[in-house]
Amino acid sequence: MIRTFCFVPGEDLHTDIPVKEYSSYLNNPNGLFWVDFLNEPNPSAEAILTGIFRFHPLAVDDALQETHTPKVDDWGDYLYIVFNALAINREDGLDVNINELDVFLGHNFVVTHHDTPIPAIEKAWSSINTDKRYINHGPDHLLYKIIDDLVADYWPLIETLDGEIDWVEDQVFTNAKPEMLERMFALKRALVAIRRIITPQREVLNRLARDDFDVVDSKDRIFFRDIYDHLVRLHDLTESMRDLLSGTMDAYLSVINNRMNEVMKILTIITTLFMPITFITGFFGMNFFSPVAEGLGKWTGYAAFIAMLLVIAGTPAVMFTWMRRRTWV
Amino acid sequence: MIRTFCFVPGEDLHTDIPVKEYSSYLNNPNGLFWVDFLNEPNPSAEAILTGIFRFHPLAVDDALQETHTPKVDDWGDYLYIVFNALAINREDGLDVNINELDVFLGHNFVVTHHDTPIPAIEKAWSSINTDKRYINHGPDHLLYKIIDDLVADYWPLIETLDGEIDWVEDQVFTNAKPEMLERMFALKRALVAIRRIITPQREVLNRLARDDFDVVDSKDRIFFRDIYDHLVRLHDLTESMRDLLSGTMDAYLSVINNRMNEVMKILTIITTLFMPITFITGFFGMNFFSPVAEGLGKWTGYAAFIAMLLVIAGTPAVMFTWMRRRTWV
Amino acid sequence: MIRTFCFVPGEDLHTDIPVKEYSSYLNNPNGLFWVDFLNEPNPSAEAILTGIFRFHPLAVDDALQETHTPKVDDWGDYLYIVFNALAINREDGLDVNINELDVFLGHNFVVTHHDTPIPAIEKAWSSINTDKRYINHGPDHLLYKIIDDLVADYWPLIETLDGEIDWVEDQVFTNAKPEMLERMFALKRALVAIRRIITPQREVLNRLARDDFDVVDSKDRIFFRDIYDHLVRLHDLTESMRDLLSGTMDAYLSVINNRMNEVMKILTIITTLFMPITFITGFFGMNFFSPVAEGLGKWTGYAAFIAMLLVIAGTPAVMFTWMRRRTWV
Amino acid sequence: MIRTFCFVPGEDLHTDIPVKEYSSYLNNPNGLFWVDFLNEPNPSAEAILTGIFRFHPLAVDDALQETHTPKVDDWGDYLYIVFNALAINREDGLDVNINELDVFLGHNFVVTHHDTPIPAIEKAWSSINTDKRYINHGPDHLLYKIIDDLVADYWPLIETLDGEIDWVEDQVFTNAKPEMLERMFALKRALVAIRRIITPQREVLNRLARDDFDVVDSKDRIFFRDIYDHLVRLHDLTESMRDLLSGTMDAYLSVINNRMNEVMKILTIITTLFMPITFITGFFGMNFFSPVAEGLGKWTGYAAFIAMLLVIAGTPAVMFTWMRRRTWV
Amino acid sequence: MIRTFCFVPGEDLHTDIPVKEYSSYLNNPNGLFWVDFLNEPNPSAEAILTGIFRFHPLAVDDALQETHTPKVDDWGDYLYIVFNALAINREDGLDVNINELDVFLGHNFVVTHHDTPIPAIEKAWSSINTDKRYINHGPDHLLYKIIDDLVADYWPLIETLDGEIDWVEDQVFTNAKPEMLERMFALKRALVAIRRIITPQREVLNRLARDDFDVVDSKDRIFFRDIYDHLVRLHDLTESMRDLLSGTMDAYLSVINNRMNEVMKILTIITTLFMPITFITGFFGMNFFSPVAEGLGKWTGYAAFIAMLLVIAGTPAVMFTWMRRRTWV
């Protein structure tokens, strides 16, 4: 799908411009011409990008193929920029999808290309009629508004992750369960995916804010600088979330380890207390004792029986005291 | 709440200045005008910052929103600076709260904005009447005094953490307990939080000490350099605390591991010593022996009984000797 | 084996040129002369490289010896460049072989030297007759086409590894098996091997795209830049694969650890439940009880028997309840 | 305590100079005036440093407060330098104490300030009468001699640590004991403390050797460069000691782990061998068998008895063979 | 031992030159004068180095003391360079010895100083008569030949280590044994030692290849660059060997862990299967049952006996099925 609009100061907005009229709009140096390719087949897009806009074939190739990392290429008359939008794939908020947004930015045009709908683009599209800030300051300012929204969309995702990490952190010392392990690894995977996007994105904004690009008005750089600062904060936040998560994982493993220790200690105590007295009962259970037991007088028998009971009761008591001394129990 | 004062050399201090008179004080190039916003609602603050001081909207946005990392932005006539104060949240001193302090520094004014009371601000506020060093050397020196106090407030917190780490370190080899694990992870979390503040804060001071900002008098840079040195020391200290803590955690895990080894060894020794002799008693407990035992002559029976006793006593003795040889016990 | 061709604009392609005619082709500044050494014995190759092309002995030595890491040396009139092709050694796709490709690039010639057939070279060789893009833009563009194909050949390998990692990741929480360990270490080894190639290769392309080499036409740099971008993406991909793999390994070990915990718990529960009641049966199995049991009246005997049954049934029930309280079971 | 001396070429050494004469000595541009504050109360030292030498208050503050990391501040007419001396606290040589040495270096004076006696200072003090190299080449050369001795004093400490690590390394595979763990962590702590000193100290010397300080004669820089090289070696040495130590710790844990494995295997073997035959003896110990056993004929009884003996002897033998096959034993 | 030779173009080689004639040879700007100190006592060497060659005392000190890390110092008229030769200490090829080689390189002389014989020096010494490349291109080229041989001597050692690592890697999944642990740690130690040499050595060669030293002819730099490339390769190789080794260590620990898991599982299965049935035999072994058993009729007794046998046989069967369901066995 191709959407277009052109804004010329003093005139009405033109929308749904046919392809053959693109050139005339491109030739108007005061206009703001936006073409948005949404899931458009490659041949049709390529024809326009190469044929009408006359972008370099390598840049067009980059735009039509997927999975680029964010970057900005200066082609003189225009910039080719790759951004990434984040979207959540599953309901649990931990499966991160990355949607690529390719942008060509010229003196009087913006071309955007993406395969999936991106909320920031939709918002810009629906605001051009109502919010003059989107169109009154030239293509670089329009781009700023789009990127600003795109980066703002990162926050809910980050906050979801942050909440999850807080929850896991709270649970780990009070209620560590094997199921938390899978959750923590899903969180880690999501954080790795997000950080992999934010770092190069930040560099793109840094270049837009600092480099002397022809098509970026020097007074607009401060706005890109602002987005850059947001990305720095996001980066710091994900860093600290990673630290917290990795600390929580270590804590989880230590808690599990401690618990295992506890289990081993109880096993050892049980074994240590019962093995000797089970042996004693076995000893007196041997058939050698049948005649002996039978041969004992009544009172001697009772005395021996009570002595044995004392031994059986005393052995674990003595061992338990000894274990207490070694601070085991 | 808005607090203000204005100091003009040779005049009395003016305090509690109404908003409409701000402009006249701002126009006095020799004055020192301080406006402090403490938990002031955003609309009212924004009106003053944008309307009267005419700060850039992006800078005002940054100041009114929370959770920025420390930074300094040069806007020509004024600097926008973000600092962080540290406060302890809970009684145990391990739950660190970070309070943001936004500062606008101009040639003749300082504007501070924060949502929670910050001791360094309160101290400056109560000192302006008594300690001339706060107001006699211009706004940059006033800022220096505030930041100096703000950074000095980090020390008690660091010392609390340091003492805790020393305590844990002492305990770990003599008295390792599972409860120490949670303590160590709380310490680690506090250290991570503090280091995340100190590093960018240090860079802010570095820039104030080195960069050629219009509003910072060159002879005042040496003072910011001094705070920078303090932050370098704090950074080194937290680094070495982190090293110690991570070493202590490793030591804790190793001690726990050793102890588990010990437990396993005792379990194995008990099992190894008692299993064979329990088997022997079981063997002679079988009913096959009833007739045999009964059929033995008295003296043969006694001899067999004593032989069996010797076997029962000898087996563990032999095994114990064997284990000693393998340096197990 | 030596293959040669020479293309002069406006003439037919010359192929299979005898060695003695090399000099005349080299002297034609408008020609494109390609010599490809495939597994040629060193003395014969050295004679040509040193004698006819007059390359520096150190460069020739480098080319004839194996196992160099990618690099580019500027010798003024020509560049000496080392690339690496990746090939799979075993059917499982995890045993990576690295084949070196040495290239000398001059104003009107390309010399390639390799010990094993490299698909990118074969493809270029078979395309020179049919695809004019290979030969129409000079030796640097021919080199670009070769390297582009060579780097494109990395993708299937990377995708195989990616698929494997995905599979292992899916399995680790549902079906962790010791065999997966060997697989994960093989994947890790393959990733280490690939990253070791990609990083210096990327630097080579970076220099070809940026440095002001005499023999690289400035308008061709953008093409090398494009390959550089591909290598950056490959590098990022292998980085993220490494992260995922190392996370998966940690997860595997944690899952195994959890399972061991489970096993230990069951062992302890079994031991804890049965040891006491086994002791009780032993206790009442002692021969002391024979006379006692025989001396009991019928109804007293039954009562004692039932009491004992209750004790035997009650002990584990009580213990199990106690374990449940400690959230063990 | 304050010690002073002043050397003027051609004159005798003046020592124990009263405070009020300091100014006159300071005004002699050809003299070499050394003031050493050893554990002098702060007020008295501050009076001299600020009042007579007119050092900047911030520098004086730094000198009088403790626990600075090594640094060099250029104050134009003089340098303020912080060094650290290492001293051993306990007899075992693993408890490292760090003593701060503050130095002010001017064109014709050296001021040293420290709270504990530092051997390098004592040595310099006792050498000024006998070794002309200390005083003949100006204050920067005197400083060089002091620092050279101070750094030379690091060596015995490093060698003690090195010997300890060698000893632990030798023991770990032959005689690993839990006590070694505490030793290794003490070594690690000592190494961390030393590296934390050496790195910034090295940077101080680097600056003295390279930067163009007014008060350091350019021909003396080569001497500071020499100390810098020593510190580089010390740094490399501590790095390699750290590597060795961390490898030894890993080895220790692996050895302990192996040993635990061994213990577990023996436990399992014992359990596996005895459980079945203990069950058999229990089985034939049941009272059901009393009548059966009694009802058997003599020879049948013997045959059954021998058959049972064979079963009891054969079961462990078969199991042991099976375990051998699985390469367990 | 001191060995000398001097080569003047057009003349014979002079060897075994007496010390007092050194000066005259040094004054010949066209000569190539080589002095080699092999394990010469320090006083005699110092006399020559300081007295005749007039090297700076600090450089002479460095040369006569041992254990420097590789470096190059530019003293204007001459360079002082430290190299390290590697030698194997023990037969197993894993105990690495580092021998220092100090070199002074001037316009017409090379001075080498070492305490142990170094093969590269011996080879150069024996080649000067036969191989003109050693002496025909000045002292910097002679140095190149020596260093080239010295670095070439690293290869056999690296290859030994590489073979060892391959062997361990092959064994770890099929035949992991505790003895391999010690071997792996010895390999790691050797790799650490080698990398510690190669990195600074590489930097020395980098400086010789790039820096504009007076005594290194600009056309000879390309040769030092070649050695630099070799060292880069060596460095990469040791890096990848370290990666492989550390992966192998992880694999070893995981294999051992898996094996322990297996052992624990068998222990648990044995215990789980036998504990209940041992309890049952104990239960029926109690003397309460004697009268009961005796009181049963013959057929009832047989029926009870068979029922009990079924219980005893059925319990483990049921448990085993249950364990299979939980995918334990």
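In chain D, Leu150(D), Val151(D) and Ala152(D) of α5(D) touch Tyr154(D), Trp155(D) and Pro156(D) of α6(D). This contact is nonpolar throughout, with six nonpolar residues, no polar ones and no charged ones. The model is predicted, and here it places the axes of α5 (residues 138-152) and α6 (residues 154-174) of chain D within 4 Å, crossing at roughly 15 degrees. Angles under 35 degrees count as roughly parallel, so α5(D) and α6(D) are roughly parallel to each other.

Helix α6 (residues 154-174) and helix α8 (residues 221-285) of chain B have axes that come within 10 Å and cross at roughly 25 degrees. By the cut-off of 35 degrees, α6(B) and α8(B) are therefore roughly parallel to each other as well. The crossing of α6(B) past α8(B) is left-handed. On the α6(B) side, the contact is made by Tyr154(B), Trp155(B), Ile158(B), Leu161(B), Asp162(B), Ile165(B), Val168(B), Glu169(B), Val172(B) and Phe173(B). Facing them from α8(B) are residues including Leu231(B), Arg233(B), Leu234(B), Leu237(B), Thr238(B), Met241(B) and Leu244(B).

As for how the chains sit relative to one another, no contact joins chain B and chain C, and their closest C-alpha atoms lie 9 Å apart. Chains C and D likewise have no contact joining them, with closest C-alpha atoms 9 Å apart.

What about disulfides? A search of the whole structure turns up zero of them over all chains. Among the cysteines, Cys6(D) is buried, with a relative accessible area of 0%. Cys6(E) is buried too, also at a relative accessible area of 0%.

The backbone has a couple of spots worth a glance. Most residues other than glycine have a negative phi. Arg54(A) is not a glycine, yet its phi is positive, at about 60 degrees. Arg54(A) sits in the loop between α2 (42-52) and α3 (57-64) of chain A. With 65% relative accessibility, Arg54(A) counts as exposed. In chain B, Asn39(B) also has a positive phi, near 50 degrees, in a residue other than glycine. The loop between β3 (32-38) and α2 (42-52) of chain B is where Asn39(B) is found. Its relative accessible area is 52% and the cut-off for exposed is over 50%, so Asn39(B) is exposed.

Methods. Residues are numbered from 1 along each chain as its sequence is written. Chains are lettered from A and ligands numbered from 1 in the order in which they are written. This is a predicted model: local features need pLDDT of at least 70, side-chain atom pairs count only at pLDDT 80 or more; totals for chains, interfaces and linings use all residues. Side-chain values use heavy atoms; hydrogens and water are left out. Axes are lines fitted to C-alpha atoms, for helices over the stretch in contact, and angles run from 0 to 180 degrees between N-to-C directions. Helices (H or I, at least four residues) and strands (E, at least two) are DSSP runs, numbered from the N terminus. Angles under 35 degrees count as roughly parallel, over 145 as roughly antiparallel, 65 to 115 as roughly perpendicular and the rest as oblique. A crossing is left-handed if the near helix is turned anticlockwise from the far one by less than a right angle, and right-handed if clockwise. Contact means heavy atoms within 4.5 Å. A disulfide is a pair of cysteine sulfur atoms within 2.5 Å. Buried means under 20% relative accessible area, exposed over 50%, partly exposed in between (1.4 Å probe, protein chains only). Ala, Val, Leu, Ile, Met, Phe, Trp, Tyr, Cys and Pro count as nonpolar, Asp, Glu, Lys and Arg as charged, and the others, Gly among them, as polar.
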